[in-house]
Amino acid sequence: MSDVVEKTLIALPSLLSLDSQLGAGKLSSTSKLGNLIRSITELTSKHEEEKLIKKELTALKEQVSSPNTTSRQMKEIMVRAIYCEMLGYEASFSYIHAIKLAQQGNGLEKRVGYLAVCLFLNESHDLLLLLVNTVLKDLQSTNLIDVCMALTVVSQIFPKDMIPAVLPLVEDKLTHSKEIIRRKAVLALYKFYLIAPNQVQHIHDKFRKALCDKDPGVMTASLHIYFQMIKENPDGFRELTASLVAILKQVVGGKLPVEFNYHSVPAPWLQIKLLRMLALLGKEDQSTSEMMFEVLDESLRRAELNHNITYAILFECVKTIYTIHPKSELLEKAAKCIGRFVLSPKINLKYLGLKALTYVVQQDPNLALQHQMTIIECLDHPDPIIKRETLELLYRITNGQNVSVIVQKMLDFLQQSKHGHTTIVLVGKVAELAEKYPFTHIAVVSVPIRLCTYAPDNGWFIQTMNTVFSLGGDDMQPEVPNNFLRLLAEGFDSAEEDRQLRLYAVDSYLSLLQTDTCHLPQRFLQVMSWVLGEFSFLKADLEPGLVLSRLASLLDQDLVTTETKSWVLAAMCKLCGGVVGEGVAGQVAAQFGGSLNTTLRQQAQELHVLSLDQALRSRVLPPHTSWDGLEVDSSLSFLDGFVSDALAQGAAPYKPPHQRQEELSQEKVLNLEPYGLALPVSLSTCSLMDRQSPTGFSLSSGLSGNSAELPHKGGSLKMDGVKRVWGKEGYLPQKEAAEEAPAMPSPPVPLTYRVAAARTRRWTPWPAPRPLGPDQEKQQLASSLFVGLGPQNQLCLLGKPDVAPQRFRRKTRPQDPEGGSDWLSVSSHSSHSTMDSLLDSSPTPLGEELNTTALLGEELNTAGFLREEPNAISPLGEGLNTADPMGEDPNTTRSLRETANGTTHLGEGLNAAGPLGEEPNPVSPQGKEPNTASPMGEEPNTASSQGPEDTLAFWSRAEGETEAPEASTMATDQPPTQADRLTPPPCATAELLEPHGSELLSLASDGSVDLSARKLYKGAALELQLYIRNTSSDQLQHVSLQLRSAELQVLDSPNQSFPLLGDHGAVTSRHSVVMETPLVQAIVGGAVTYHTQSGSANELGFSLRLTLADFLRPLPLSTEDYGKLWLSFNHDVKQNLQLLLDKEDPLSATLNILKEKLQFHLVEIIGTEGILACQLLPGHPCLLHCHAHSGTLTVWLRSPVPDLPDCLLYHCQRVLQER
Amino acid sequence: MIKAILIFNNHGKPRLIRFYQYFAEDMQQQIIRETFHLVSKRDDNVCNFLEGGSLIGGSDYKLIYRHYATLYFVFCVDSSESELGILDLIQVFVETLDKCFENVCELDLIFHVDKVHCILQEVVMGGMVLETNMNEIVAQVEFQNRVEKSEGGLSAAPARAVSAVKNMNLPEIPRNINIGDINIKVPSLSPF
């Protein structure tokens, strides 16, 4: 049949040489469309076409708006409009008329109207709403054609929001008497399922009915839905397997009516679909797989190779067999089938054969061996697609021995092909391979084994990467240079190898820079400048000025981008020592001193300064440091002191831009918004105040400009897209394959191969350019390509051990960053900014210099500053790690830590007394316990690991006392006893802790008084329990305690006094504290005064830092209340945070962390969104709405209190980073 | 899923464009241009599959095409479609066109683009393969044509409708959806 068609088509002249007579026969010469087309074909230039179409469109516009246009004419107009749109000219004026035509037209007109609507509009177009009514009407029509048209349009484009309106009607059609209607209804529902799965959930049993429909066509249509659902959740549909197998069996067995045959193959498309579904179902499930073995066997057997479509079925069969639980018989047959594909002269089949081989080669590398000659032929195939597919196959069978040949083949291909996307992908693969096997042995194979082990060919790696960078250009995946630099920087197991590798890189880059550099991609130049900056010190005999001058010459080139110049300047900063350095730096500073680009200007200036001050340079850029200990404090908490100083001197607190905006607008207009609704929980009146308060004084630097944006930028750092390439065991994705390969049982291979293999081994990595016969050449290539896959492997084991995978394992780092790209941020230790550049919060270009992206730059700033503040805590640094530092599940860690806290504060309490105190006396438990035990009071069981039973009994009583609301004093005259013995082993009380109190914090102590505190998280306030212990052997008199805080409110009397405190006695004082004004953190201060027996008065001051998190409590809300409240709150913040991607369910894991650490109430999680609520004591509500997408969590906080969202956001960030 | 169906001639002039996934107008034109660029470079003796573009839907996307005399038929599909299956579907589509237009040629596609779209709608609906049986497709299309002709036609309409009904039940078109037998709306003739 196709021959017929082709003949007829060939027989017809193409349009341009169109004979008018022929045309006249086919179309009415008077038709306006005909005229349009004819005049278009006469045109010669695009410009003329444009003019003509414009004219046409104007004419059309006139006609559509004329009231006299009949719907028949309208139909004709629509066809012309469709034609214009197809050519890429917008005819938006006709859209509304298309809808009208669909509504008013009859038969053909209606159909054209619908067609035009489908072609013109998209799902989110506003005009579609106007179509809904028409669709509704047509769905209810008795005219089958109208119904069909309506169903078709519904399945093509339909606004998501309007689905409920038509859903019942479409559902009804599932029981329609005509199969075509049922079929279209099923597909329409499938479409609904795709765009709004929730809305069709209730009709799953109807889908089931469609699957069992007596008409095979309807059944086939329903498979679309099931295919999708199985793909999403194979486990949920395993029980379908039996039915699908039964269907397939009948189809294969020819039970379908003969009109389902296509070239005498029964329903081939149906078979393909079924086989694909079976593959999904049987994957990794033995029992399910067993059900399908028989039918798969039958399919293979029945497939007589008489037509292309049989191959399509066979191909699916093979794929299914290799996907499901293996059965050796079937695998054998499938392997034979693959052979038929690979050896087929038809190019399409060959292509699929290669695809199948690629798919199965990891399971069965022998197959590749069997077809090695074919594969070699395909490598030189004229069709680039076949070539590429072959390379893909080779990529999968790469091992330490054949890597250089394969990489060379890939590079050859890259040099020929100029197709963008292919290049990018392939470059990535070459880089992966090169990094996986950085030291190939083939080149040095003639060297004795011992030598060979110590003389790896690191040149190969660098050379390959050089080619990759030059060929890949600037479009390649950013992780390629990142990974490369990271590999160089972190090194391998052996320091000597690292050194040689780096040295080689330095050498090769220096010589490259000597040549003409203008053709080199920017990325490559960046890599070069970084490596030179970092490692050129390794080259001992290098003249210091040489590198600098090479680098400086880059700065003069016009083609070099600003970004690259930034990298170059950064490298120069590292090298600018000595007299020569000063000179060059001075020149550069002069050159860029007037640059319009402030980044470059600043960098040049810094270079100048650094070159003059050797001491400063070695402090800012300490040479030869390792990357491992580098930590990043994204919250800039080390600046807190600076900020509070500034605030104390009267600086205005920082406000995020949106808040400023809001306040500005509030000053101008009346407040028309409601002041908020009553809350379901008792929230104090303060919740409604502060709306207009212009300065909710506050905000440490944690919220200042950069830090609010930084963490997520740094954290999200494109890590989602980055493949995890390296793991502890070396290269991750391919590891398995590489290891499996040698272990496979090897089929007998002709002796010639062995000989050839043995021979090639002595040659250079790729076939030597010797005059060889073509066959010989191929065989030789084959043996070098497939080395390590089959029996040759044994040979090579004799020759030299393949130690690469073990030896060149990458150094395990204490903190293994998640992806590739973040490496750059770590590397920033070499780029430092001076403190003042941060302090005046000007952009800090030094930080930006190293980056490939601007976003990284900000990250770098932080990193850079950190060097200045080595002690700063580094939440981001930790956040970046995938592996928890403890190597534990965070939850466990947390609970463990709490446990530890619990135990230590008991221990501390006791120990504190111990060393200072007297000999332990036997005491009545009542006497000693209250102060030591009350922090632990709520866990009577703690004692089980410790002391005598009466202690336990007492502790339960102590609990009761702790609950007492009033500040209580418990003077004792006995010192704590046996502190050491009572100190429990650190982990013994793991499960026993409850989360309601903090550990005991030691506040202050002098010779005679020891003051410690504990936070109790009570519902209405934060209760501070202050323990004053007399550590001296004298009595203390007039002990009094004052508590004060500028920022927090102490609810009950802030002063407590105790007339007498016996020797080694203790008293407890309790205070409730709330935070009226949201602050990131606040300080409670105070002093204890007392008189010793000798009469001298003493004062012991203390201060305690409390954070916002201490004052947060869950706010139990229903989703509905939440919705109401949300609308009534008017202070909000929106930001992206990082998701905990290492968890199975990142969203809920993240939300649970927040819930746990910040006392949120988790209201609901709906799909990718979650809502949480909390309140700040005393009763300021704050609502949080999160949306997870592509690795980040967009958080939106709302509250009636101005600064609360900001402060809370800060804590959310910290919690997620510190996890 | 089928993402798009493109038909253009040897010079890259689009003859039928159908996207099943939304793309902005200029993106559509770019896709057409680049697809043509990719496809037209290829000889007739190379395989009919193209990968490695990233025009539609990123890397999970293939072009499967056939070249008939002056026209390229290109289907852009994702990985859930079988290559050879689609290749034969193109063949089915072209054969159907051939049957409906009696020796189809490029001109038919130009001047009856609406009709071609209607035929395509019976083969692929919303990106999903609806029907692969040529006879079935042809029967559907013919039935629609008859009804529509009769609606737009003159006094002979009822007779035509009746003959349509008769045709529908002919034995040699087996399993022919009995769509016509009851519900043909005998049209109220249009008044002109």
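Reader: What makes something a helix or a strand in chain B, and how many are there?

Author: Chain B has seven helices and seven strands. They are DSSP runs numbered from the N terminus, where a helix is H or I with at least four residues and a strand is E with at least two. Along the sequence of chain B the pattern goes β-β-α-β-β-β-α-α-α-β-β-α-α-α. Keep in mind that this is a predicted model, in which local features need pLDDT of at least 70 and side-chain atom pairs count only at pLDDT 80 or more, while totals for chains, interfaces and linings use all residues. Residues are numbered from 1 along each chain as its sequence is written, chains are lettered from A and ligands numbered from 1 in the order in which they are written, and side-chain values use heavy atoms, with hydrogens and water left out.

Reader: And which counts does chain A have?

Author: Chain A has 54 helices and 19 strands.

Reader: Why is Tyr351(A) called buried?

Author: Buried means under 20% relative accessible area, exposed means over 50%, and partly exposed is in between, using a 1.4 Å probe and protein chains only. Tyr351(A) sits at 0% relative accessibility, so Tyr351(A) counts as buried. This residue belongs to helix α19 (residues 347–360) of chain A.

Reader: What does Tyr351(A) touch?

Author: Contact means heavy atoms within 4.5 Å. Leaving out residues up to four places away in sequence, Tyr351(A) touches Ile385(A), Ile386(A) and Glu389(A), plus Cys47(B), Phe49(B) and Glu51(B).

Reader: Why is His371(A) called buried?

Author: His371(A) comes in at 7% relative accessibility, so it counts as buried. His371(A) lies in the loop between α20 (365–370) and α21 (372–379) of chain A. Setting aside neighbours within four places in sequence, His371(A) is in contact with Gly339(A), Val342(A) and Leu357(A).

Reader: How much of each chain counts as buried?

Author: For chain A, 57% of its 1219 residues count as buried. For chain B, buried residues make up 66% of the 192 residues.

Reader: What makes Lys355(A) and Glu389(A) a salt bridge?

Author: A salt bridge is a side-chain nitrogen of Lys or Arg within 4 Å of a carboxyl oxygen of Asp or Glu. The closest N and O atoms of Lys355(A) and Glu389(A) are 3.8 Å apart, and the pair forms a salt bridge. Lys355(A) is in helix α19 and Glu389(A) in helix α22 (residues 384–396) of chain A, so the pair ties together parts that are 34 residues apart in sequence. Glu389(A) has 5% relative accessibility, so Glu389(A) counts as buried.

Reader: How do you know that Glu239(A) and Arg208(A) tie together separate parts of the chain?

Author: Their side chains meet in a salt bridge, at 3.4 Å from N to O. Glu239(A) lies in the loop between α13 (216–232) and α14 (241–252) of chain A, and Arg208(A) in helix α12 (residues 204–211), so the pair ties together parts that are 31 residues apart in sequence. Arg208(A) has a relative accessible area of 31%, so Arg208(A) is partly exposed.

Reader: Why are Glu142(B) and Arg146(B) about one helical turn apart?

Author: They are four residues apart in helix α5 (residues 134–152) of chain B, which means a separation of about one helical turn. Glu142(B) has a relative accessible area of 34%, so Glu142(B) is partly exposed. Arg146(B), with 23%, is partly exposed too.

Reader: How many salt bridges are there between chain B and chain A?

Author: The count between chain B and chain A is four. In one of them, the side chains of Arg42(B) and Asp383(A) meet at 2.8 Å, N to O. Helix α2 (residues 83–101) of chain B gives the most to the side of chain B that touches chain A, with 13 residues. Over all chains, a search of the whole structure finds 30 salt bridges. Lys46(A), Glu49(A) and Lys13(B) are linked in a network of salt bridges.

Reader: What is the area buried between chain B and chain A?

Author: Buried area is the accessible area (1.4 Å probe) that two parts lose on being put together, summed over both. For chain B and chain A, this is about 7700 Å², with carbon and sulfur atoms giving 62%. The contact takes 86 residues from chain B and 86 residues from chain A.
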